[in-house]
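The sequence and structure are shown first.

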Amino acid sequence: MAEIKQKTDSNNKLKAIILILLVLSMVIYLTYDIIMTNIFSSYYCKEEPNPKTFINKTIENPISIYWEDNVYPGFSKEDRELMIINYLNGKNLKTMALNGDDGKIYVYSANENDYEKIIQNSIEQKDIYKKYQEYAKFVMQNEKVYTKDTMPKTNYSVTFNEVKLPSLVSKFLYSDETKVIENSTNEVIGFNRRYMRFFYKLFPDVALGNIYYYPHAVCGERVAHLEYKVFDAYKWSDMHL
């Protein structure tokens with residue numbers, strides 16, 4: 001009887017050990033990404049560049065700007081229409097260049113008279129946004145298409161690029177950066193780099209529809225409309241979409 005009881009106790013201990021190991025394995029599996037994300041975040045958030053966001057200079061009349069988005073990448077026709085509405089008023093900004101989602105460079109020009117005629121002096125009672133759409137479509141009728149080598153020079157450039165991280169790190173973090181460059185001096189006058197984490201196994205993005213990464217940055221939160229602040233556009237742009 002004593003021998004049977006000893007075997008039973010041994011079996012119970014073995015089962016308990018197996019159960020503990022299974023629980024530990026499950027906990028490690030579910031929290032491994034959280035642990036690794038926090039380790040890498042702590043390291044990269046302390047690394048240069050610091051600060052992650054800065055504006056060295058503001059420009060009220062940029063006159064001409066080239067936007068280059070290499071993350072999404074490029075501006076679709078709808079995106080280009082929104083950019084015209086947001087920035088191209090023909091006074092503070094007269095020429096806008098945008099890299100398209102087809103690899104081409106689209107250049108739009110406007111003058112203050114067209115802007116005032118369609119937006120400010122329209123005698124028709126229209127929804128305000130429809131006026132801006134009408135203005136954008138008018139500007140887009142005269143779009144010019146170039147390559148990056150043949151496009152006209154602009155006073156400023158705004159670039160948006162992914163920051164390549166080491167293979168292991170990229171399984172847990174994503175990073176991109178925005179630069180506003182004064183082309184005459186090649187000086188970066190506005191900058192933002194952000195680090196984003198992916199959704200955790202314990203907290204999947206069911207409600208948000210499987211988006212690429214968690215919407216709030218680990219550090220270096222992208223400043224909304226960084227270009228607006230650098231170019232002081234809140235003073236001269238009527239629409240902020």
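The sections below treat the basis of the model, its sheet, its charged side chains and its backbone geometry.

## Basis of the model

The model is predicted: local features need pLDDT of at least 70, side-chain atom pairs count only at pLDDT 80 or more, and totals for chains, interfaces and linings use all residues. Residues are numbered from 1 along each chain as its sequence is written, and side-chain values use heavy atoms, with hydrogens and water left out.

## The sheet

Helices (H or I, at least four residues) and strands (E, at least two) are DSSP runs, numbered from the N terminus. Two strands are taken to pair if DSSP finds at least two bridges between them. An open sheet of 8 strands runs in the order S1-S8-S7-S6-S2-S3-S4-S5, with mixed pairing. Its edges are strand S1 (53-55) and strand S5 (144-146), each of which pairs on one side only. On average, neighbouring strands of this sheet are turned by 15° against each other, direction ignored; the axes are lines fitted to C-alpha atoms, and angles run from 0 to 180 degrees between N-to-C directions.

Strands of a sheet pair through backbone hydrogen bonds, either parallel or antiparallel. Strand S6 (residues 156-162) and strand S7 (residues 173-182) are antiparallel and share 7 bridges. Val-158 has Val-180 in S7 as its bridge partner.

## Charged side chains

A salt bridge is a side-chain nitrogen of Lys or Arg within 4 Å of a carboxyl oxygen of Asp or Glu. By this rule there are 8 salt bridges. Glu-187 and Lys-57 form a salt bridge through their side chains, at 3.8 Å from N to O. Glu-187 belongs to strand S8 (residues 187-197) and Lys-57 to the loop between S1 and strand S2 (63-69), so this pair ties together parts that are 130 residues apart in sequence.

Glu-78, Asp-79, Asp-101 and Asp-102 form a negative surface patch. Patches are made of residues with over 30% relative accessible area (Shrake-Rupley method, 1.4 Å probe) and no salt bridge, like charges being joined within 9 Å. Asp and Glu count as negative, and the charge is placed at CG of Asp or CD of Glu. Asp-101 lies in the loop between strand S3 (93-99) and strand S4 (105-109).

## Backbone geometry

Most residues other than glycine have a negative phi, and most peptide bonds are trans. The bond from Glu-48 to Pro-49 is cis, with omega near 5°; Pro-49 is in the loop between helix H1 (2-46) and S1. Tyr-72 and Pro-73 are also joined by a cis peptide bond, with omega about -15°, and Pro-73 is in the loop between S2 and helix H2 (77-87).

Asn-186, in the loop between S7 and S8, has a positive phi near 65°.

How values were computed. Patch = residues over 30% accessible without salt bridge, like charges linked within 9 Å, V, L, I, M, F, W, Y side chains within 5 Å.
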